[in-house]
Amino acid sequence: EEYLPLNDLFRVIADELGVAPPWIRVPMSPMLALAWACEQVCVPLGIEPPLHRRRVSFFQNDRAFSVEKAKLLLDFQPRVSLREGIQRTIHWYQENGWL
């Protein structure tokens, strides 16, 4: 139900993991150029590029959505807070060996 900008979301996730949040900030245009170069080199060689423009653009787009319409029309009520959802997600990743 609550919206956090990505940087704030990263801080909450880092806090739940007990690690320091990311501190390196890289400008978007060099990262997009690097992703483009990865695609140009890797794709013709049949290699999955480690970096894609679409992955980089994830950090460029706003992903805030309101739940007000779902509340009004569907009587939606979130069952967990953002922090609890992050905790559950971390736990799932740990149980499945991804963290």
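This is a predicted model: local features need pLDDT of at least 70, side-chain atom pairs count only at pLDDT 80 or more; totals for chains, interfaces and linings use all residues.
Residues are numbered from 1 along each chain as its sequence is written. Local features need pLDDT of at least 70 and side-chain atom pairs count only at pLDDT 80 or more, while totals for chains, interfaces and linings use all residues; side-chain values use heavy atoms, with hydrogens and water left out.

**Stop 1: helix 1 and helix 5**

Select residues 6–17, helix 1, and residues 82–95, helix 5. Helices here are DSSP runs of H or I with at least four residues, numbered from the N terminus. The two pack at an angle of about 55°, their axes 10 Å apart. Axes are lines fitted to C-alpha atoms over the stretch in contact, and angles run from 0 to 180 degrees between N-to-C directions.

**Stop 2: His52**

Next select His52, in the loop between helix 2 (28–42) and helix 3 (53–57). His52 counts as buried, at 7% relative accessibility (buried means under 20% relative accessible area, 1.4 Å probe, protein chains only). Not counting residues up to four places away in sequence, His52 touches Ala35 and Glu39.

**Stop 3: Lys71**

Finally, select Lys71 in helix 4, residues 68–74. Lys71 is buried, with a relative accessible area of 18%. Beyond its neighbours within four places in sequence, Lys71 contacts Glu1, Phe76, Gln77 and Pro78.

Key:
Buried means under 20% relative accessible area, exposed over 50%, partly exposed in between (1.4 Å probe, protein chains only). Contact means heavy atoms within 4.5 Å.
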